[in-house]
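Biologist: I've got a structure open and I'd like to learn how to read it. Can you take me through the features one at a time?

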Amino acid sequence: MRNPLGWLLLTLFSLLFFAFIYAPLAVIIGYSFNANPINMMIWDGFTLDWYRGLFGFADRTADPNSRALYVESTDQLIAALKNSLIVAAVTTSVSTVLGTATAIALARYRFRLRGFYRGFLLLPMMMPDIVLGIGLLIFFVTLGMKLSLLTIIIGHCTFLTSYVFIIVQARIAGIDPALEEASADLGASEWVTLRKVLLPQLAPGIVGGALLAFVISMDDLVITYFIAGTDSTTLPVFIFGMIRRGVKPEINAIATLLILASVLIAALGLWLRSRKIDK
Amino acid sequence: MARRRDRLVLAALLTPVTLFLGVFFLVPLLTIAVFSFLTPGLYGGVEWAFYHWNYGRIFGWADGIMEVFEPVYLRILGRSLSFAAVTVLLCLILCYPVAFWVSRLPERWRLVFLFLITLPFFSSLIVRLYAWLLILKPSGLLNEMLLGIGLIGAPLEILYTPTAVVLGMVYVMVPFMFLPLFAAVDNLDRSLIEASYDLGATRFQTFRKVILPQTLPGIVGGSVIVFIPSVGNFIVPDVLGGAKGLMAGNLVEQQFLSARNWPFGAALSMLIMSVVLIVLVTFVTRLRPKEG
Amino acid sequence: MTGLLEIRGARRSFATPEGGRIAALDGVDLDVGANEFVTLLGPSGCGKTTLLRSISGFEALDAGVIRLDGRDIGALPPFRRPVNTVFQSYALFGHMSVARNVGYALEVGGVARAERERAVTEALDKVGLAGFGARRPSQLSGGQRQRVALARAIIGRPRILLLDEPLSALDRNLRQQMQLELKTLQHNLGIAFVFVTHDQEEALTMSDRIVVMRAGRIEQQGSPRDIFRHPRTRFVAEFIGETNLFDVTVDRLEGEVAIGRTAEGLELRLPGAGLTVGRRATAVLRPADFRLAEAGLPVTITRSVYLGQDLNLFATPAPGGPEIRVTARDAADAPEVGARVHLAYDAAAVHLLEGA
């Protein structure tokens, strides 16, 4: 770069930027090991108590009342986690199928409503979460539907289909349409061509889209908050509730574990993308 | 192609999505619109009668009996817009230089830092906001540090102020601004910049006349992607904002879950939706063609 | 001709962005025999690719009928037609091995694995890629990929093989080599090839019959020699090989020979049959029809282009006169620019275009 001083300043700025981004995460991870339960700023020594409390093996010397609360919370926590996983799994499957089908339709066929569909598919992504959440809430209640995991799944699918669509669409744009023609030319019907030629070629895009959908679904708070029933909490909503009730050290432990999980998923995504798939 | 087979395949591919989004996306939005004109029932719920006082309450034509005009709603809506705008601006200021820096790095480092930027945003939003809660509260890390150094005498009241809300939103929105900006900066034609210097322009002039216009699509795109979720944001002000940081999203949440005045909440949602649609339409019709 | 493929009255048009319609095919009749190498030749936009794709089923005709072995296949989707295509981009399946690519038609057709493997080996042999089965397309060179595309298309024993400018991505030497190989392959396989190209040299080299197309219509078809020696229209004359065209009016008749005059006053000897004084005609003389001689048309050399073995000479009888192309051997006595020479030619060899 032209200006060494300018480059130095830019580097400094950027490193501060990265510090800004990672500071909060570092703080949580640090605190989760801090033995001081009251004032987290004072380092009292390393401990795994909070993690143990999470899994129900709380210190016997702790206040029996609060211990009861956290044993309960552990069950609720596990239930919330299970719900999140179920919702994410189903949502990912459905939205991946819908998003991929739409991407293929818009890329390979010319029809009058093509531009309209492109906008239509992007709209859910652009709507603020709260509008979608409210709309679905009113919709379900007016129809008399009970709020449950199913309603959450439906809610997630509405906007996650858009995400999958964008990613698969980008991938399919780089695939030579002559491949599918060649397949048909050699005797394969549409379904066989899809199975043997198009889907394998699309695989990186589909997997990428599915991974993204899974992560976003696991993390969704606002929409879920409005359309979850009382017995169908997901993990983010549960944590949100805990925070609202007050700051507790166990939250740090949960948060750290979540950070760890997200790092693993991000690494997984990176690894998948680095595997070479022949065009 | 007009062939019948093709039509069947196309229908098979598109029908599920059309039905699903039509029923579970369009209809709910329409429902909000309808509800915004309904009468709130006395104990929550609705009565199916036309009632325009929901909007009246927001804009000033209250009926004076059941509904009173309070300018607070307009103020909060205005605040949402301004917070969102400030968030966009701050995100731009933060991300633009870093985008340049990353795009000038050697290839291997580029990938590393790109990964590093996106990594935190794989972790839960609520976790990241919670962290800021810990940092910004009166007994939090920031204050402890500043007090410890001796920079301040008493703890700063940052939490539960507009500053905290904007800070939180900026933190959350940074990746949405960074990626489009980076794409634009990365695609800069270096030879144009060289040519500009060659012709005698200063660094600032080159920035203003060459770099800025070239990266404008990325700037506009990133701004739109940041502005829209910021306007309707509810989580950040809920965790970090308190009473002074109330935004439109919190209002809506209150109406639906505490006050149980669904029509009013629907009316507020309609306003948020309108802002979003205006921004989107402006972007698509007027700003996008610039991308050539 | 055993009438393997019959196309009658093919028409296809597209809507333009401005709102009009453009005719890609404007009433085309074509016959292809069972063992023929037919080339569709023409500039871009002439409809040759559209015609090819209507045979394979990727373009639907607005009007007209396509019959294969007497059966109307117009309503059949591509995967049901006994016709295979070699695509311009080869369209190899990157996620499959070469062997699986080649055997694809059989895999899709439910052929048993053992039989499939045998057929794949045989097909790879035929295109000179024996032993390449385990490789991936990304590991192959352009020429090798082309052969895989070929093997893949012939394994299913189609009645007709369609080739859409398959050699355009290859360098010159490789292209010439492949031209010979394709010709040999077609002969050995005994199936009809319909070959699309815009390269007239390629067409001349390989074809049994050339179909020259322009603006959605067939201008002329015939054997390569026929097309070259006896072009019927100005377009065909100019498209195939280098040529000199002279618009003349018959001035007088001298026995078997007619003398025609161009607007610039140049006089040419033409075959007199059927000509009358005052008749207008266009004479076609190839550069190789002229010889440098002691007597003949007096010209001055204006340009000389070196081709290696030969020289492409441009000569003109008078300043501002028509520029005549002549081919001459590059020898010690080859004329320089500015030299005055004489061009001799055989009047009987002059070809006249139909019509004025």
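Modeller: Let's begin with domains: their bounds come from an automatic or database domain assignment. For chain C that assignment gives domain 1 (5-239) and domain 2 (244-352). Keep in mind throughout that this is a predicted model.

Biologist: How many residues of domain 1 of chain C are in contact with domain 2 of chain C?

Modeller: There are 5 residues on the domain 1 side, and they meet 4 residues of domain 2 of chain C. By class, those domain 1 residues are 2 nonpolar, 1 polar and 2 charged. The centres of the two domains, taken over C-alpha atoms, are separated by 39 Å.

Biologist: Okay, on to chain A. How many helices and strands are there in chain A?

Modeller: Chain A has 11 helices and 0 strands. Written from the N terminus on, its elements read α-α-α-α-α-α-α-α-α-α-α.

Biologist: What percentage of chain A do buried residues make up?

Modeller: Of the 279 residues in chain A, 46% are buried. Take the contacts in chain A between residues at least 6 apart in sequence: 73% of them join residues at least 24 apart.

Biologist: Can we look at single residues? Is Ala267(A) buried, exposed or partly exposed, and why?

Modeller: You count C-beta neighbours within 10 Å: 20 or more is buried, 12 or fewer is exposed, and in between is partly exposed. Ala267(A) has 13 such neighbours inside 10 Å, so it counts as partly exposed. That residue is found in helix H11 of chain A. As for distances, Ala267(A) lies 170 residues from Val97(A) in sequence, and 24 Å from Val97(A) in space, C-alpha to C-alpha.

Biologist: Which residues of H10(A) are buried?

Modeller: Leu235(A), Pro236(A), Val237(A), Phe238(A), Ile239(A) and Phe240(A) are the buried ones. After H10(A) comes Gly246(A), with a positive phi near 130°.

Biologist: Now helix pairs. At what angle do H6(A) and H8(A) pack?

Modeller: They pack at about 155°, with their axes 8 Å apart. An angle over 145 degrees counts as roughly antiparallel, so that is how H6(A) runs relative to H8(A). The crossing of these two helices is right-handed.

Biologist: Which residues make the contact between H6(A) and H8(A)?

Modeller: On H6(A), they include His156(A), Leu160(A), Tyr163(A), Val164(A) and Ile167(A). On H8(A), they include Leu202(A), Gly205(A), Gly208(A), Gly209(A) and Leu212(A). By class, the contact divides into 14 nonpolar, 5 polar and 1 charged residues. As a general point, an α-helix has 3.6 residues a turn, so residues three or four places apart point the same way.

Biologist: What about chain B? At what angle do H3(B) and H7(B) cross?

Modeller: Roughly 45°, and their axes come within 6 Å. The two helices are therefore oblique to each other. H3(B) passes H7(B) in a right-handed crossing, and the residues of their contact are 23 nonpolar, 2 polar and 1 charged.

Biologist: And how far apart are the axes of H5(B) and H7(B)?

Modeller: The axes of H5(B) and H7(B) are 11 Å apart, and the packing angle is about 140°. That makes H5(B) oblique to H7(B). This crossing is right-handed. H5(B) contributes Leu125(B), Arg128(B), Leu129(B), Trp132(B) and Leu136(B), while H7(B) contributes Ala164(B), Leu167(B), Gly168(B), Tyr171(B) and Val172(B). By class, that contact has 8 nonpolar, 1 polar and 1 charged residues.

Biologist: Last topic: interfaces. How many residues of chain A are in contact with chain B?

Modeller: For an interface, you count the residues on each side, then ask which elements supply them. Here 61 residues of chain A meet 62 residues of chain B. The largest share of the chain A side, 13 residues, comes from H1(A). That side divides into 50 nonpolar, 9 polar and 2 charged residues.

Biologist: How many residues of chain C are in contact with chain A?

Modeller: It's 20 residues of chain C against 18 residues of chain A. Strand S6 (83-86) and helix H3 (104-108) of chain C each supply at least two residues of the chain C side. H3(C) gives the largest share, 3 residues. By class, the chain C side has 9 nonpolar, 9 polar and 2 charged residues.

Conventions: Residues numbered from 1 in each chain as written. Chains lettered and ligands numbered in written order. Predicted model: local features only at pLDDT ≥ 70, side-chain atom pairs only at ≥ 80, totals over all residues. Contact = placed C-beta atoms within 7 Å. Helix = DSSP H or I, 4+ residues; strand = E, 2+ residues; numbered from the N terminus. Nonpolar A, V, L, I, M, F, W, Y, C, P; charged D, E, K, R; others polar. Axes fitted to C-alpha atoms, helices over the stretch in contact; angles between N-to-C directions. Parallel < 35°, antiparallel > 145°, perpendicular 65-115°, else oblique. Left-handed = near helix turned anticlockwise from the far one by under 90°.
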